[in-house]
Amino acid sequence: MIESAIPQAEAMCRAPSRCHYPWTMRASLHITALTALTLIASSALAIAAEVRVLTVGSTQVAAKAIAADFEKQTRNQVTFTIRPPFDIDKELAEKTFDAIILSVPATDFHDKAGSLAPRSRVALARVGVGVVVKEGAPVPDVSTPEKLKAAALAARSLTYGNPATPNTSGAIAGGALAKLGILDEVQGKTHHAALTGGGELVAKGEVEMGFFNLSEIPKGVTVAGPLPGPLQGYTLYEACYRRAAGIRLALHS
């Protein structure tokens with residue numbers, strides 16, 4: 001039942017303008033969604049006809065594809081709520097969801113706070129950061145640190161998430177530019193923005209180059225490639241149950 005949804009998620013990553021990153025990254029994304037939905041399914045079948053999912057988007061493409069298959073097979077409905085990372089805690093405090101998948105730092109926080117069921121944390125996957133440009137624009141070579149440095153310096157403008165806010169991909173992007181020794185040099189042409197806002201800037205051609213999680217590439221952009229190995233960093237995800245009744249799913253990026 002779950003395996004049959006893999007082609008649906010795979011198809012979403014075949015459009016050249018959306019997912020030029022390696023198959024292994026797509027497979028990691030699929031494993032995250034498969035494992036999460038399996039955890040949800042095992043409890044939802046016993047306790048509810050609706051599975052409530054809170055997500056910031058990092059695995060939502062594959063998760064939604066698999067959820068659609070899950071709904072057809074079980075007649076249980078999966079409802080997604082998508083929020084930015086800085087709104088996750090507020091949503092969890094005000095509303096009831098059925099399971100959580102969090103980035104490891106966020107999971108650590110909730111675990112120490114005693115809000116997770118004991119020994120319920122399960123490692124799922126990791127997501128890296130890629131470089132994007134406007135769809136149809138020349139695609140720079142970012143395959144090595146030297147080539148990425150040249151491309152970033154040549155770009156008229158850059159965008160990535162503000163590292164000062166809960167935003168792992170922004171911290172990774174800023175760290176990569178710092179390792180290249182050009183963080184201060186490009187500061188004047190860098191626009192910090194949320195995923196949606198930054199993606200729109202690139203898609204409209206208002207910003208030339210962006211840095212985003214490879215599992216949540218915005219529409220209207222092309223992936224030039226992942227950050228080169230020495231500069232790459234990853235958001236690690238875990239699934240867990242809430243100590244409260246039911247399970248909850250939150251995806252922190």
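This is a predicted model: local features need pLDDT of at least 70, side-chain atom pairs count only at pLDDT 80 or more; totals for chains, interfaces and linings use all residues.
Reader: How many helices and strands does the protein have, and what makes a stretch a helix or a strand?

Author: The secondary structure comes to 9 helices and 10 strands, where helices (H or I, at least four residues) and strands (E, at least two) are DSSP runs, numbered from the N terminus.

Reader: Why is phenylalanine 211 called buried?

Author: Buried means under 20% relative accessible area, exposed over 50%, and partly exposed in between, with a 1.4 Å probe and protein chains only. Phenylalanine 211 has a relative accessible area of 1%, so it is buried. Tyrosine 160, at 2%, is therefore buried as well, and across the protein buried residues make up 51% of the 253 residues.

Reader: What makes tyrosine 160 and phenylalanine 211 an aromatic pair, and which geometry does the pair have?

Author: Rings of Phe, Tyr and Trp (its six-membered ring) pair if their centres lie within 6.5 Å, and planes under 30 degrees apart count as stacked, over 60 as edge-to-face and the rest as tilted. By this rule the count comes to 1 aromatic pair. Tyrosine 160 and phenylalanine 211 form that pair with 6.2 Å centre to centre and 85° between the planes, which is edge-to-face. The pair links distant parts of the chain, since tyrosine 160 is in strand S5 and phenylalanine 211 in strand S7, 51 residues apart.

Reader: How do you know that strand S7 is paired, and in which sense, parallel or antiparallel, with each partner?

Author: Two strands pair if DSSP finds at least two bridges between them. Strand S4 (residues 122-134) and S7 pair in the antiparallel sense over 4 bridges, with phenylalanine 212 in S7 as the bridge partner of glycine 130. Strand S5 (residues 158-160) and S7 pair in the parallel sense over 2 bridges, and there the bridge partner of threonine 159 is glycine 210 in S7. Strand S7 (residues 209-213) is also mostly covered, with 5 of its 5 residues buried.

Reader: What makes a group of residues a nonpolar core, and which residues have the most contacts inside the largest one?

Author: A nonpolar core is a set of buried Ala, Val, Leu, Ile, Met, Phe, Trp, Tyr and Cys residues joined through side-chain atoms within 4.5 Å. The largest such core has 20 residues, and those with the most contacts inside it are Val131, Leu148, Leu158, Leu177, Met209, Phe211 and Leu227. The elements that give two or more residues to this core are S4, helix H6 (145-154), S5, helix H7 (168-179) and S7, and H7 gives the most, with 4 residues.

Reader: Which residues is phenylalanine 211 in contact with, and what counts as contact?

Author: Contact means heavy atoms within 4.5 Å. Glycine 130, which lies in strand S4, is 81 residues from phenylalanine 211 in sequence and 5.6 Å from it in space, C-alpha to C-alpha. With a relative accessible area of 0%, glycine 130 is buried.

Reader: Why are the buried residues of helix H5 said to line one face?

Author: In helix H5 (residues 104-112), Ala106, Thr107 and His110 are buried. Seen down the axis of H5, these residues fall within an arc of 100°, taken from the directions from the helix axis to the C-beta atoms, so they line one face of the helix. The face turned away from that buried side carries the exposed residues Pro105, Phe109 and Lys112. The buried residues of H5 pack against helix H4 (88-94), strand S3 (100-103) and strand S9 (234-240).

Methods: Residues are numbered from 1 along each chain as its sequence is written. Side-chain values use heavy atoms; hydrogens and water are left out.
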